[in-house]
Amino acid sequence: MSKGNNSNSNKLTLAVLQLPGGSNVSANVRQAVEHIAQLKAANPQLQLAILPESFNGPYAIEEFGKHAESVPDGPTCRELSQLAKKLAIYIIGGSIIERDANNKLYNTCTVWSPTGKLIGRHRKIHLFTMHIEPDQLGGVYFDESAALTAGNEPTVVEIGPHKVGIGICHDKRFEELARIYRNMGCSMLVYPSAFCICQGPMHWELLQRARAHDNQLFVVTCAPARNNMSGYVAYGHSMIVDPWARVQREAGDGFELMVEEIDFNKVDEVRRQIPIYKQRRTDVYDLARAST
Ligand SMILES: NC(=O)CCC(=O)C(=O)O
């Protein structure tokens, strides 16, 4: 656990909470609130706390409607808003299932400022749809679109002076979204996630390092702790990848709280020394697109 002095605005101390999930929504929210408060007490320099995808209820198609709530007036949002204000920190509130006024459900990440204000609402853009045969990787069948509606907008929030792009789990497979965030000036991408154990060993780290490499920024994921008794077994391994595409910190698969300092000077350092963004040949790419 690093405890550096981050009075320098180019540094940010964040916490990634790899929490176990359960079916009791208010117990899940309470454990998140208690752990964040304890982390802040132990690390007064903490500025940002990040929670996992679907942190307040089971990640299961048939359960989504049961624990859906409105944003920003629902009970989970109220708790996160009050906590952010009380501790004077930013919170990237993992995701919850949002029910809108038309009864549509979304997988939604809310972001809270140190005054308790909602500064971002990201509705998962790429819904998790996968059908891997049982003889491959143990098999996976999941189709979020059976219950959820996809979001249509990228979400950039300002954490202090730093622009941060938000995605939710499967969103990280899509390089176009990460590139849009880079074009919008982001120096960090945060993906609350619940990656599956089947693809985890093969793609989890690869995708984060790829997004970090291509866009020369930090990539942070926050996953639930693994529960082998659950219908959907999450991979865990919450991770922080630096702009050189090196793994700075990685959790195991169980309950784990990581506090880490992010040094945004590294973003400029990499971009200066490996200037691939300036070297892009959009003229060539445009020609290739025109000919297909
Ligand atoms: N919750 C998710 O979006 C899971 C995504 C996933 O496991 C993948 O392979 O993509």
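# A tour of the predicted model

Buried residues make up 44% of the 292 residues in this chain. The model is a predicted one, and the stops below run from the whole chain to single residues.

**Whole chain.** Show everything as a cartoon. The chain carries 8 helices and 15 strands. Its radius of gyration is 18 Å, close to the 19 Å that the globule rule gives for 292 residues, so the chain is as compact as a globular protein of that length. Along the principal axes, the C-alpha atoms fill a box of roughly 50 × 50 × 35 Å. Of the contacts with a separation of 6 or more, 68% are between residues 24 or more positions apart.

Now zoom in on residues 239-241, which are strand 13. Strand 13 pairs with strand 14 in the antiparallel sense, over 3 bridges.

**The hairpin.** Select residues 96-99 (strand 4) and 105-112 (strand 5), which pair in the antiparallel sense over 4 bridges. I96 stands opposite T108 in strand 5. The two strands form a hairpin with 5 residues between them. In the turn, click on N103: its phi is positive, about 75°.

**Y90.** Select Y90, found in strand 3 (residues 90-92). Is Y90 buried or exposed? Y90 has 24 other C-beta atoms within 10 Å, and 20 or more count as buried, so Y90 is buried. Leaving aside residues up to four places away in sequence, Y90 touches Q47, L48, A84, W112, S113, P114 and I159.

**The ligand shell.** Select the ligand and the residues that surround it: E53, F128, C169, H170, R173, A194, F195, C196 and Q199. Coloured by class, this shell shows 5 nonpolar, 2 polar and 2 charged residues.

Stay on C169, one of the residues of the shell. Where in the chain is C169? It is in the loop between strand 10 (162-166) and helix 4 (175-183). C169 has a positive phi of about 40° although it is not a glycine. With 26 other C-beta atoms within 10 Å, C169 is buried.

**S54.** Next select S54, in the loop between strand 2 (48-50) and helix 2. S54 is not a glycine either, yet its phi is positive, about 50°. S54 is buried, with 27 other C-beta atoms within 10 Å.

**The cis peptide.** For the last stop, select V71 and P72. The peptide bond that joins them is cis, with omega about 10°. P72 is found in the loop between helix 2 (61-67) and helix 3 (75-87).

Notes
Residues are numbered from 1 along each chain as its sequence is written. This is a predicted model: local features need pLDDT of at least 70, side-chain atom pairs count only at pLDDT 80 or more; totals for chains, interfaces and linings use all residues. A residue is buried if 20 or more other C-beta atoms lie within 10 Å of its own, exposed if 12 or fewer, and partly exposed in between; C-beta atoms are placed from the backbone. Two residues are in contact if their C-beta atoms, placed from the backbone, lie within 7 Å. Two strands pair if DSSP finds at least two bridges between them. The radius of gyration is taken over C-alpha atoms; the globule rule is 2.2 Å times the number of residues to the power 0.38. A residue is near a molecule or strand if its C-beta atom, placed from the backbone, lies within 6 Å of it. Ala, Val, Leu, Ile, Met, Phe, Trp, Tyr, Cys and Pro count as nonpolar, Asp, Glu, Lys and Arg as charged, and the others, Gly among them, as polar.
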